[in-house]
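Subject: A structure for you to explore

Hi there,

Here is the structure I promised to pass on. Have a look around first, and then read my notes below.

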Amino acid sequence: MPRFTSPASLPALLAAALAAALAGCASTGGDKPAASTPAPAPVAAAPAKPVAAAPAAGDKLPVAMFYGDKGAVAPYALFLGTPANFSTTVPQNGTAPLDAGAIKVQPATVDGAPGAKFTWTGGLGQFHLQSKTANDMLDYLDANAAMVFDAVVHKHPEDQVTMRVDCRYPCLGVVDMTNFYKTAPLEKKLQVKMPLSCFEATGTKFTAVNTPLVIFTTKPFALSVANVRYVPGAAKDADALKCTP
């Protein structure tokens with residue numbers, strides 16, 4: 001299983017994300033989170049449940065699908081997040097257009113597959129897939145799974161881009177994806193394949209995952225995403241990303 005090699009900037013990034021999480025929790029009384037940090041709305045604690053997954057033959061661990069042809073896969077929903085509201089639900093099972101200010105979403109296709117195009121217009125914004133309950137996904141970590149999704153970069157990011165797996169605040173793990181997206185070819189399909197161990201190394205507890213994907217930035221960026229899933233064994237693939245892509 002690949003291991004995370006932490007650059008000098010990631011401890012500060014993780015600390016900022018943790019501070020944002022606590023700020024998000026404190027904001028329920030009316031205060032807004034700090035404008036420079038991400039914080040999707042906290043979710044009430046609940047017992048961990050097995051994750052919904054696609055059928056598989058025999059005892060093979062199935063692919064865990066979070067966003068597919070028909071949008072978000074239950075029990076997950078798609079949200080946009082800004083300092084005004086870090087949990088704005090995207091209607092129609094995450095397939096409808098929605099403008100949240102600093103980030104907006106519209107239906108899109110990635111190499112023919114239904115998906116969603118996210119456009120950051122400037123200012124703090126994120127999208128995330130989240131469930132109301134925590135889900136035990138430790139088997140996926142143990143099975144060398146990777147977070148996999150198809151993507152098209154329409155505009156290179158102008159600031160740092162981070163990707164997270166959350167396990168109810170203040171529990172989270174984060175990977176810096178800035179270089180990957182800044183150097184990606186525009187308007188061409190690519191596949192993101194990030195080992196789950198990279199998130200575990202920076203804090204994710206896979207026994208209680210409620211947010212299997214968060215992508216966050218603070219300046220203009222445009223990205224289409226489709227087929228978000230955890231794929232057992234994919235962390236060992238030759239094209240799997242390093243923890244610092």
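One definition before we start: two strands count as paired if DSSP finds at least two bridges between them. Please also keep in mind that this is a predicted model.

**The sheet**

With that definition in hand, you can trace an open sheet of 6 strands, in the order E5-E4-E9-E15-E12-E13, with antiparallel pairing. Strand E5 (85-89) and strand E13 (172-176) are the edge strands, each pairing on one side only. On average, neighbouring strands of this sheet are turned by 25 degrees against each other, direction ignored. In general, strands of a sheet pair through backbone hydrogen bonds.

At one end of the order, strand E4 (residues 76-82) runs antiparallel to E5, and 3 bridges join them. Leucine 80 stands opposite threonine 88 in E5.

Now look at E12, where 5 of its 5 residues are buried. Which residues lie on each of its faces? Thr162, Arg164 and Asp166 are on one side, while Met163 and Val165 are on the other.

E12 is joined to E13 by 5 antiparallel bridges, and threonine 162 stands opposite aspartate 176 in E13. These two strands form a hairpin with 5 residues between them, and arginine 168 in the turn has a positive phi of about 70 degrees. E12 also pairs with strand E15 (residues 211-217), in the antiparallel sense over 4 bridges. There, methionine 163 has isoleucine 215 as its bridge partner.

**Valine 161**

Valine 161 sits in the loop between strand E11 (146-155) and strand E12 (162-166). Why does valine 161 count as buried? Its relative accessibility is 0%, and the cut-off for buried is under 20%. Leaving aside residues up to four places away in sequence, valine 161 touches several others, including Val175, Tyr181, Ile215 and Phe221.

**The cores**

The largest nonpolar core has 48 residues, and those touching the most other members are Phe118, Phe127, Phe149, Met163, Tyr181, Ile215 and Tyr230. Strand E16 (residues 221-231) supplies the largest share of this core, 5 residues. A second, separate core of 5 residues includes Ala146, Val231, Ala234 and Ala235.

Enjoy exploring!

Best wishes

Key: Residues numbered from 1 in each chain as written. Predicted model: local features only at pLDDT ≥ 70, side-chain atom pairs only at ≥ 80, totals over all residues. Heavy atoms only, no water. Axes fitted to C-alpha atoms, helices over the stretch in contact; angles between N-to-C directions. Core = buried A, V, L, I, M, F, W, Y, C linked by side-chain atoms within 4.5 Å. Buried < 20%, exposed > 50% of the residue type's maximum accessible area, 1.4 Å probe, protein only. Contact = heavy atoms within 4.5 Å.
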